[in-house]
Amino acid sequence: MARSKMSFTVASLRIKRVIRERWGLISWLAIPMIIVFLMSLLAGTGSGKLTGRLLVTDLDDSMVSQFITGGFAQGPLAEIFTTKQVSLDEGKRLMDAGEASAWITIDNGFGEAFLSNEPTDLKLVKNPAQRILPQLVETSMQLLVDAATYIQIVFEKEFNVLKPMLEQQKFNDADLVALTLGIKQQIENLEETIFPPQLKVVEKAVEEVVEDGDGIPLTFGLLMFPGAIFMALIFAGNSLAIAIWDDAKNGVIPRLSAAPSGLNDYFNGQVFGAVAIFTLIVSVLGVLGAWYFALPWAKMPVVILWLVFSGLVIYLLFVTLALMMPSMKVANIIVNATTFPLLMLGGSFFPMESMPDWLAAIGNFLPNGFLLTGLKDWLIRGEGMVVAMTVPLVLGLAMLLVLWLFDRQLIKKLIHKV
Amino acid sequence: MIKIQSLSKNYGDFTAAEDISFEVQAGEIFGLLGPNGAGKSTTINCISGLLKPTVGEVFINNHSVMGEPIQAKTSLGLVPQDLAIYEDLNALENLNFWGQAYGLSGAELQQRITEVLQQVGLESRAKDLVSTYSGGMKRRLNFACAILHKPQALLLDEPTVGVDPQSREHLLNAVEALKTQGTAVLYTTHYMEEAERLCDRLAIVDHGKIIAQGTVDELRSQLGEKDLITLQGDFSLTDEAVIAEFELIEWQDNSIRFMAENAAAQLSDILARFEADQVKQTAVQQANLESLFIKLTGRELRD
Ligand SMILES: Nc1ncnc2c1ncn2[C@@H]1O[C@H](COP(=O)(O)OP(=O)(O)OP(=O)(O)O)[C@@H](O)[C@H]1O
Ligand SMILES: [Mg+2]
């Protein structure tokens, strides 16, 4: 009883000191917000809407190829992509410079092959530094190709008339008029049945990628927002871990070791204090983010719990690193040196979606990385909670337990290092 | 109450404390007097369990510090040599923290905090952040944190270093009050006046060893009724035989020390044995702990 009271006092003193010191807390809260804002600006529009540039090289320049490329210049996709017609050289140069999300090349003969119902293919080059936008292009192209195939089936008769005319470059006016009328007739017949659903397929498909089941608009800012809260947790965890060294330096930890209710209570108190501070940070940033990005409020309790849990894992990781070091100076260097890779690779500065796959894979091995991915898969991508979060939860819990046990031993060794 | 049995502490090849043994009874103030690096803090830290002795045993209230640390530490209060308080908290918060570390809580703790603040004269500053305190006030708070739980054994490691006379008076009075309440106090210092004033018994330590132990009177009597005479000047060409009948302690080219009975009366005779202008400075000290230390080690207590 007295012992848990002691832990509680240690925790409340830690919180008091953090709040009194003020600037640490302010920076933990402010830096992530500023970074999300800046990165959103850099990524495009102020509201952080997802935008990209699509390059098209149409070597075929046929009706069919125009249908494909035109699909990106119209409707909902046009809001996301600015399409630019480029030559092969220009396309290669822009892609190499990373100045576009994707590049579609339509080879000469595509339209003809398509009309002859021969196997056809489109070339797609994706920007490896981006993930969402190129994915969007690929999905849309797939849909457009499907749509074209659908048209091919519907207009098979007309295509068969058109094909020899195109081949011979000899257009019989009467045939052409008949064909046009035939097509018009077909379209009129099918308008109500085919085209609305056809267009809907495209539109719906686009919306499926842009929005998840709960209708959250997917913007760059939203992709960054959970990572930014992780950033706040990483900064806070860093400072709070080093603060244990402060207590060793100012003599409190050695003196406590001479008291009967000693270092274990102290350490648990530090952990409780960190949890309380993380809860404060996560609640403030979480509520702001939920309001700004119109996230469903019903998900907030889980979001907050998950983030506090993640903060605790990160904190204990820093504490372990710090306590293993021979002096406060080295601890500071090591903890700071660890902080930046965690931030960079773990999805706090750049969303992992916009990282090359191999970097994102590394990021997912970092504890903040897999905890963040678990959260985003559920919150933003609409995966089921169990699917998205079970593995990170189990890994995180295992880390918590092991690190906590380890730190209880490490803190005793601290006495001899000061 | 505090019992140290042939305690030694090595740091690698270096022996910081060697074969230290003494006991401190309840209601007694025991002093450890020695210069910088003598091994006072090492001894205190072994008693409080902060350091593990290389050899030897320490008992607090009949509990071995190594064997039954919780029971031993419950009766122990520690005032470390370096401040061990939170500077960014106020005195009340610090006292609350340390009181709980020693298992106090609730009304009892609040009452003790009030009493202790009064004892060290910090009532009026209790709500100010410690970082705004003077050095002496911090030392008083550092002390106050150790006595909240009325420890039966109290370890004080140079509590008055850097403290003004007023703060020092507060502290020494508080220590004497604890003694009358039956606390066993182990007090380390390199101020021999403090040791003489406070301590019932004391041990003089140097280079990790106890070189003399007893009551202040017992130790004084080791010097007899002699005074310590220190002469400074150039003695490189002088023969030691000129002061052959006195007890020589140290003969160096620029200073010599020896013991003489009733020194004041003999001084002019002694000086006449040296050449004119050879002696630049003369000092005569009455027998005290400092002169005993010099006699035992050939060095001054404060170097
Ligand atoms: N961690 C350590 N490693 C090596 N040597 C040490 C260590 N701690 C203390 N010493 C050495 O042990 C000796 C005794 O130190 P101690 O701190 O006990 O002296 P002290 O009597 O308390 O001196 P002071 O009056 O300066 O406080 C010193 O020579 C010191 O250099
Ligand atoms: Mg010391």
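A residue is buried when its relative accessible area is under 20%, exposed when over 50%, and partly exposed in between (1.4 Å probe, protein chains only). Keep that in mind for the first stop.

This is a predicted model, in which local features need pLDDT of at least 70 and side-chain atom pairs count only at pLDDT 80 or more, while totals for chains, interfaces and linings use all residues. Residues are numbered from 1 along each chain as its sequence is written, chains are lettered from A, and side-chain values use heavy atoms, without hydrogens and water.

**Select chain B.** Of its 303 residues, 52% count as buried. Switch to cartoon. Chain B has ten helices and 14 strands; these are DSSP runs (helices H or I, at least four residues; strands E, at least two), numbered from the N terminus.

**Show both chains.** Which residues touch? The contact (heavy atoms within 4.5 Å) takes 23 residues from chain A and 29 residues from chain B. Together the chains bury about 2,300 Å², 60% of it on carbon and sulfur atoms. Buried area is the accessible area (1.4 Å probe) lost by two parts on being put together, summed over both.

**Pick Arg255(A), Ala258(A) and Pro260(A).** In chain A, these lose the most area to chain B, together 33% of what that side buries.

**Zoom in on Arg17(A).** Which residue is its salt-bridge partner? Arg17(A) pairs with Asp88(B), the closest N and O atoms being 3.0 Å apart. A salt bridge needs a side-chain nitrogen of Lys or Arg within 4 Å of a carboxyl oxygen of Asp or Glu. The rule finds three across this interface.
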